[in-house]
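Subject: Structure handover

Hello,

Here is the structure I promised to pass on. Please open it first, then read my notes below.

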Amino acid sequence: MPSIVFRGLGVIDENGDVVGDSIKVEDDKIRGVSKSKYSKLVEVDGYILPAFIDAHLHLVGIGASLYGIDLSKVKSIEEMGRRMAKSVRRIVFARGWNQEALEEKRFPTRHDLDKYVPDRPAIAVRVCGHAAVVNTTALRAFRIPMKYRRFVDMENGWLFEDAVYYVVNKIMRRLSVINLVRLAVKALREAGIAGVGSMACSSEQIEALKKLDFDRELPIYVSCYVHKDLAYRTVHYLGYRFSIEGVKLFADGSLGARTAFLREPYSDDPGNRGKKLLSSRDIEAIAREVIFRKKLRIAIHAIGDAALDEVIDVLEKLDPQHMARVEHASIAHDSQIDKLARLLVYVVIQPRFRLSDWWIDKRLGDRARLAYRFKTMADKDVRLAVSSDAPVERFEPWETFRAAIGDCGGRPCEYGESLDPRTVIRLYTIGAAKATGLLTRHMGSLTPGSVAVLSYTPSDPLSHKWKGPLRPLYGF
Ligand SMILES: [Zn+2]
């Protein structure tokens, strides 16, 4: 059997330990760090790691965010127009421009776009996603409803907020889900991510993934947690690289929208405690009737502390608890963390939320120190996994990594609660493999016998200064 030895600056295992400089792969399995007898030696200019697994993201959403002509590097309105004119599509869709980077230093207008794309609808979304410019044909074709008219500047062809959302959604609905999934999995592979948990999958997404997997077109491993509406129709499914592992439920909403369910009212909205979307009884009914009987896992979104109370309440009654995971657990009291640890439930965290939720003090007042308690949870041996929640956040692992170790956009993150690089590697590999169900495929580890799925990075990921990139090396 031919064997390959990969030799780099160091081999870092799933515990974040440097275990040597070489690793041997035979028959697509890890054969250990031995350097004895091999048929091929591959020199790697960097550090070798088990490939990362992102335990919570949304494939179709990522695909949609990647679709279209990339304008992030254009330097003038003319260049932007020329690029868009080259599109062969019936509707020209572009995204990523920023007027600060354009030599004209202004928003492009519909008259600018009309010069390059006069005959087909064209839209260019600004980098932030909250503003866009359309050409005259698009302004006529998209027929933006009256209720969004206040977000439209007809003279310039500018759309803002809800009007952008309306038009982008209208375009996305014409795209095939399979193409969006293709775009997403390709980009994730390039970022060194070998496995993902895709959350709240629709039936269209499942069909697309089954087809891609059947045609051996899936470059990474995907486990789906289906949308709750599919709970009663779903059974466990195990394909080549695709599997259906569980059902995703929502116990509450989000802090941003003040719909996360809190024990006490919002500090900036007295009288509002958010929304309880499912009670512990509702969750228990679904869990007992559908999920455990069919050997599926259950993943419950809980952001507020009161939502977490409901979830813990159910988990204490259920057996076997180890098939459950809690998504986010953003606000958690000590007693709740103790219970999560005792229940052996997986908690899937999103380190970049601590950057994005910069307004959290306003929403929560003093309770902000109960938010994103990664270190306390890790110290109390809660079973953790790291994830991005892309496209809500960026999926490049080094960015999640930086937020987890305490870099909040160049500033140290508030309230401590940061993890050390070794722990982050563990939660991004073996931790995420357990939480997604990919451990049953022997992923996320360099233990001999594991499936050989390796990535590498040019700089030392244990150094606190790591800024990627992570790249695929073998097996995906
Ligand atoms: Zn999500």
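A donor here is an N, O or S atom within 2.8 Å of the metal, and water is not among the atoms, so the site may look incomplete. Keep in mind that this is a predicted model.

**The zinc site**

With that rule, the donor residues of the zinc ion are spaced H-x1-H-x330-D in sequence. Which residues are they? The protein donors are His-56 through NE2, His-58 through NE2 and Asp-389 through OD. They lie 2.1 Å from the zinc ion. His-58 is partly exposed, because its relative accessible area is 21%.

**Domains**

The protein divides into three parts: domain 1 (1–50 + 448–476), domain 2 (68–172) and domain 3 (177–443). Note that domain 1 is written as two stretches of the chain, 1–50 and 448–476. How far apart are the centres of domain 1 and domain 2? Taken over C-alpha atoms, 44 Å separate them.

**Nonpolar cores**

The largest nonpolar core has 113 residues. Those that touch the most other members are Leu-59, Leu-188, Val-222, Leu-255, Ile-298, Val-326 and Val-347. Helix H9 (residues 305–317) gives this core its largest share, 7 residues. Domain 1 (1–50 + 448–476) and domain 3 (177–443) each supply at least three residues.

Look at Leu-255 within this core. Leaving out residues up to four places away in sequence, Leu-255 touches Ala-260, Tyr-266, Ile-303, Ile-331, Asp-357, Trp-359, Ile-360, Arg-363, Leu-364 and Tyr-372. Another core lies apart from the largest one. That other core has 24 residues, among them Ile-91, Ala-132, Phe-142 and Ile-171.

**Helix H8**

Helix H8 covers residues 280–291. Its buried residues are Ser-280, Ile-283, Glu-284, Ile-286, Ala-287, Val-290 and Ile-291. What covers them? The cover includes strand E16 (242–250), strand E17 (297–302) and H9.

**Disulfides**

The count comes to 2 disulfides. Bonded cysteines, counted along the chain, follow the pattern 1-2, 3-4.

- Cys-201 is joined to Cys-224, S to S 2.1 Å. The angle about the S-S bond is -85°, and the link is left-handed. Cys-201 sits in strand E13 (residues 193–201) and Cys-224 in strand E14 (residues 221–227), so to speak distant parts of the chain, 23 residues apart. Both cysteines, Cys-201 and Cys-224, are buried.
- Cys-408 is joined to Cys-413, S to S 2.1 Å. Here the angle about the S-S bond is 100°, and the link is right-handed. Cys-408 and Cys-413 are both buried.

**Ser-445**

Where is Ser-445? Ser-445 lies in the loop between helix H16 (430–436) and strand E23 (454–457). Ser-445 counts as buried because its relative accessibility is 7%. Its side chain makes a polar contact of 3.0 Å with that of Glu-14. A second polar contact, 2.6 Å, joins the side chains of Ser-445 and Thr-447. Not counting residues up to four places away in sequence, Ser-445 touches Glu-14, Ile-30, Pro-50, Ile-430 and Ser-450.

**Backbone points to check**

Which peptide bonds are cis? One runs from Ala-390 to Pro-391, with omega near 10°. Pro-391 has its place in the loop between strand E20 (383–386) and helix H14 (397–405). Another runs from Gly-468 to Pro-469, with omega near -10°. Pro-469 lies in the loop between E23 and strand E24 (471–474).

Two residues other than glycine have a positive phi. His-328 has phi near 85° and is found in strand E18 (residues 324–328). His-328 is buried, because its relative accessible area is 4%. Leu-344 has a phi of about 60°. Leu-344 is found in the loop between helix H10 (334–342) and strand E19 (346–349). At 41% relative accessibility, Leu-344 counts as partly exposed.

Best regards

Technical notes: Residues are numbered from 1 along each chain as its sequence is written. This is a predicted model: local features need pLDDT of at least 70, side-chain atom pairs count only at pLDDT 80 or more; totals for chains, interfaces and linings use all residues. Side-chain values use heavy atoms; hydrogens and water are left out. A nonpolar core is a set of buried Ala, Val, Leu, Ile, Met, Phe, Trp, Tyr and Cys residues joined through side-chain atoms within 4.5 Å. Buried means under 20% relative accessible area, exposed over 50%, partly exposed in between (1.4 Å probe, protein chains only). Helices (H or I, at least four residues) and strands (E, at least two) are DSSP runs, numbered from the N terminus. Domain bounds come from an automatic or database domain assignment. Contact means heavy atoms within 4.5 Å. Donors are N, O and S atoms within 2.8 Å of the metal (3.2 Å for Na, K and Ca); water is not among the atoms, so sites may look incomplete. A polar contact is a pair of N or O atoms within 3.5 Å; within protein, one must be able to donate a hydrogen and the other to accept it, and residues adjacent in sequence count only if both atoms are side-chain atoms. A disulfide is a pair of cysteine sulfur atoms within 2.5 Å.
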